[in-house]
Amino acid sequence: AGLLERYSEEARREAPAYAASAARGEALFHQRGKDDWRCAGCHTDKPVVAGRHLVTGKPIAPLAPAANPERFNDAARAEKWFRRNCKDVFERPCSAAEKGDLLAYLLEQ
Ligand code: HEM
């Protein structure tokens, strides 16, 4: 929740009316990018269950904090993976607004 507030504050510097939206986050989580990859491709359509890496097949612990309390409790780790995964899927970093939306969606699961 602290991280969500941080992304929201950052997003509001560019768009003062910004409010994180779980619905937008869900849409983005399913949006196809490069090579048809999407977040849900590795983290599943139900992020409360364990995922599987599209390429390596390695299991990935659930991404939703309700199922995995370790998630998003370390801002630097979350940032590192947002950076890497957004670049892999969308070929660009996710904005603060997008990260807020994604996190709002994951927190709702
Ligand atoms: C971890 C988000 C797509 C594989 C993470 C974390 C976040 C995240 C925030 C770390 C959370 C934490 O531990 O606090 C996303 C988003 C995606 C996306 C927003 C879409 C843009 C993918 C894809 C793959 C993938 C496509 C596989 C090709 C992983 C792996 C980890 C991870 C291996 C680290 C292992 C782990 O923490 O269990 N992801 N992800 N992600 N993600 Fe993704």
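**Close-up views of the predicted model**

**View 1. V55 occupies the loop that runs between strand 1 and strand 2 (59–60).** This view, like those that follow, shows a predicted model. V55 is classed as exposed because 10 other C-beta atoms lie within 10 Å of its own, and a residue with 12 or fewer such neighbours is exposed. For orientation, K87 may be located together with V55: the two residues are 32 residues apart in sequence, and their C-alpha atoms are 16 Å apart in space.

**View 2. The protein as a whole contains five helices and two strands.** Read from the N terminus, the elements follow the order α-α-α-β-β-α-α. The C-alpha trace spans about 40 × 30 × 25 Å along its principal axes. The radius of gyration of the protein is 13 Å, which agrees with the value near 13 Å of a compact globule with 109 residues. Of these 109 residues, 26% are buried. Among the contacts with a separation of 6 or more, 52% join residues 24 or more positions apart. The average pLDDT of the protein is 97, and 100% of the residues score at least 70. For the complex, the predictor gives an ipTM of 0.98 and a pTM of 0.97.

**View 3. The ligand is surrounded by 22 residues.** Which residues of this shell are the closest to the ligand? They are C39, C42, A78, W81 and N85. Helix 3 (39–43) and helix 4 (75–90) are the elements that give two or more residues to the shell. Helix 4 gives the most, with eight residues. By residue type, the shell around the ligand divides into 15 nonpolar, four polar and three charged residues.

**View 4. The largest nonpolar core of the protein has 17 residues.** Within this core, the residues with the most contacts are F29, L102, L103, Y105 and L106. The elements that give two or more residues to the core are helix 1 (2–14), helix 2 (22–30), helix 4 and helix 5. Helix 5 provides the largest share, with seven residues. L106 may be followed individually in this view: apart from its neighbours within four places in sequence, L106 is in contact with P47, L63, A64 and P65.

**View 5. T44 has a positive phi of about 70°, although T44 is not a glycine.** The residue lies in the loop between helix 3 and strand 1 (51–52). Is T44 exposed, partly exposed or buried? T44 counts as partly exposed because it has 17 C-beta neighbours inside 10 Å, a count that falls between the limit of 12 or fewer for exposed residues and that of 20 or more for buried residues.

**View 6. E91 is a residue with a positive phi, of about 60°, that is not a glycine.** E91 is placed in the loop between helix 4 and helix 5 (96–108). With 9 C-beta neighbours inside 10 Å, E91 counts as exposed.

**View 7. Helix 4 includes F90 and also A76.** F90 is partly exposed, since 18 other C-beta atoms lie within 10 Å of its own. A76, in turn, has 6 C-beta neighbours inside 10 Å and therefore counts as exposed. How far apart in space are F90 and R38, C-alpha to C-alpha? The distance is 8.3 Å, although F90 and R38 are 52 residues apart in sequence. For A76 and P62, a separation of 14 residues in sequence goes with a C-alpha to C-alpha distance of 18 Å in space.

**View 8. A1 lies in the segment before helix 1.** A1 is exposed, as its C-beta atom has 9 others within 10 Å. Together with A1, the view may include E70, which is 69 residues away from A1 in sequence and 13 Å away in space, C-alpha to C-alpha.

Definitions and conventions: Residues are numbered from 1 along each chain as its sequence is written. This is a predicted model: local features need pLDDT of at least 70, side-chain atom pairs count only at pLDDT 80 or more; totals for chains, interfaces and linings use all residues. Helices (H or I, at least four residues) and strands (E, at least two) are DSSP runs, numbered from the N terminus. The radius of gyration is taken over C-alpha atoms; the globule rule is 2.2 Å times the number of residues to the power 0.38. Two residues are in contact if their C-beta atoms, placed from the backbone, lie within 7 Å. A residue is near a molecule or strand if its C-beta atom, placed from the backbone, lies within 6 Å of it. Ala, Val, Leu, Ile, Met, Phe, Trp, Tyr, Cys and Pro count as nonpolar, Asp, Glu, Lys and Arg as charged, and the others, Gly among them, as polar. pLDDT is the predictor's confidence in each residue, from 0 to 100. A nonpolar core is a set of buried Ala, Val, Leu, Ile, Met, Phe, Trp, Tyr and Cys residues joined through C-beta atoms within 7 Å.
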